[in-house]
Amino acid sequence: APRFEHAELRVIDLEKALDFYTNIIGLVEIAREDGVVYLGCGLDKNYDLAVKEGGTGLSHLAIRVDDEEELERLGRRLKDHGVAVKNTDGREPNQDKGIRFAMPNGSLVEFVIVSDKRYVNPARPEYPRTRGIAPLNADHINIMSMNVKRDADFLKEVLGFRFSDIVEPEPGSGHWTMAWTRYRDFHHDIALTMSSNKAETLHHYAFSLSNYEDFKRAADLISDYGIRL
């Protein structure tokens with residue numbers, strides 16, 4: 001089903017980040033272009049996480065769509081609401097078509113059509129999945145917002161996202177501290193968490209694992225690497 005597809009993050013130390021993401025998380029390198037390293041879970045040819053050196057935080061995130069008709073419809077809705085839309089066709093590995101725009105909080109979002117749309121078979125990975133935790137796929141992203149309700153309403157009213165859950169400490173106040181939004185059937189693709197610092201862009205990025213044993217192994221690998229859980 002169409003859903004959260006990938007994210008690109010800025011990192012302070014590219015080589016250190018790549019060591020962690022390939023040897024501990026278990027992602028595989030798919031491509032390097034213009035200082036950006038594209039990493040995937042390895043079950044298909046699509047990338048799940050890209051990293052580039054320079055600062056920290058979210059560079060952009062992407063939601064997968066089915067076809068050009070859906071992409072054009074979303075582009076029209078954005079333009080009808082006065083949102084600038086940029087074409088990103090073929091700009092990233094295995095990405096056929098894409099449009100990019102900014103949410104009210106400044107986060108850059110893409111809708112994309114990817115080249116590899118086959119059913120993913122864990123028994124036949126596209127790349128060797130022999131290191132680290134080896135997650136199945138990108139699952140969701142949680143981004144920071146100075147105004148959660150405004151940004152969640154934008155996703156709903158302009159782009160047709162639906163709300164799965166919201167946190168409103170004082171009911172009826174309109175002051176939301178968190179929101180979980182979905183583009184299709186999964187509980188959430190883009191979640192929003194309140195921040196008082198505009199420089200904060202990313203709360204977390206999540207991968208999906210196949211079973212509870214993977215979680216225990218992940219905990220061991222991450223703690224052995226020296227990261228506190």
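R162 touches W180, T181, R182, R184 and D185, leaving out residues up to four places away in sequence. In this predicted model, R162 belongs to strand β10. With a relative accessible area of 38%, R162 is partly exposed. Although R162 and R182 are 20 residues apart along the chain, their C-alpha atoms are separated by 5.4 Å. The side chain of R162 also reaches the backbone oxygen of R184, at 2.9 Å.

Strand β10 covers residues 162-167, and the loop that runs from β10 to β11 (178-182) contains T177. T177 has a relative accessible area of 18%. The cut-off for a buried residue is under 20%, so T177 counts as buried. The residues that T177 touches, not counting those up to four places away in sequence, are V148, V167, P169, L192, T193 and M194.

The next topic is the sheet. Strands of a sheet pair through backbone hydrogen bonds, and the pairing is either parallel or antiparallel. Here an open sheet of 8 strands runs in the order β2-β3-β4-β1-β5-β8-β7-β6, with mixed pairing. Its edge strands are β2 (28-33) and β6 (86-87), each of which pairs on one side only.

Strand β8 lies between β5 and β7 in that order, and its two pairings can be taken in turn. With β5 (residues 57-64), β8 pairs in the parallel sense over 4 bridges. Within this pairing, L61 has V109 of β8 as its bridge partner, and A62 has E110. With β7, β8 pairs in the antiparallel sense over 7 bridges. On that side, R100 stands opposite E110 of β8. Strand β8 is mostly covered, with 6 of its 7 residues buried.

Is E92 buried or exposed? At 6% relative accessibility, E92 counts as buried. Apart from neighbours within four places in sequence, E92 is in contact with H6, E8, Y38, Y47, H60, R100 and E110. For one of these residues, Y47, there is a polar contact of 2.9 Å between its side chain and that of E92.

Helix α2 comes next. Its 13 residues (68-80) should span 18 Å at 1.5 Å a residue, and the end C-alpha atoms are 18 Å apart, which agrees. The buried residues of α2 are E70, L71, L74, G75 and L78. Why do they fall on the same side of α2? They cover an arc of only 135° around the axis, and this puts them on the same side. An α-helix has 3.6 residues a turn, so residues three or four places apart point the same way. The face of α2 turned away from the buried side carries the exposed residues E69, K79 and D80. The cover over the buried residues of α2 includes β7 (95-102), β8 (108-114) and α3 (148-159).

At the start, a side-chain oxygen of D67 reaches to within 3.3 Å of the backbone nitrogen of E69. Just after α2, G82 takes a positive phi of about 75°.

The last topic is the nonpolar interior. In soluble globular proteins, nonpolar side chains tend to be buried together. The largest nonpolar core in this model has 50 residues, of which Y21, F111 and L159 touch the most other members. Y21 touches L9, G26, L27, L39, L49 and V51, again not counting residues up to four places away in sequence. A second, separate core has 6 residues, including V36, Y38, Y47 and A50. Two of the residues named in this second core, Y38 and Y47, are also among the contacts of E92.

How values were computed:
Residues are numbered from 1 along each chain as its sequence is written. This is a predicted model: local features need pLDDT of at least 70, side-chain atom pairs count only at pLDDT 80 or more; totals for chains, interfaces and linings use all residues. Side-chain values use heavy atoms; hydrogens and water are left out. The expected span of a helix is 1.5 Å times one less than its number of residues. Buried means under 20% relative accessible area, exposed over 50%, partly exposed in between (1.4 Å probe, protein chains only). The arc is that of the directions from the helix axis to the C-beta atoms. Contact means heavy atoms within 4.5 Å. A polar contact is a pair of N or O atoms within 3.5 Å; within protein, one must be able to donate a hydrogen and the other to accept it, and residues adjacent in sequence count only if both atoms are side-chain atoms. A nonpolar core is a set of buried Ala, Val, Leu, Ile, Met, Phe, Trp, Tyr and Cys residues joined through side-chain atoms within 4.5 Å. Two strands pair if DSSP finds at least two bridges between them.
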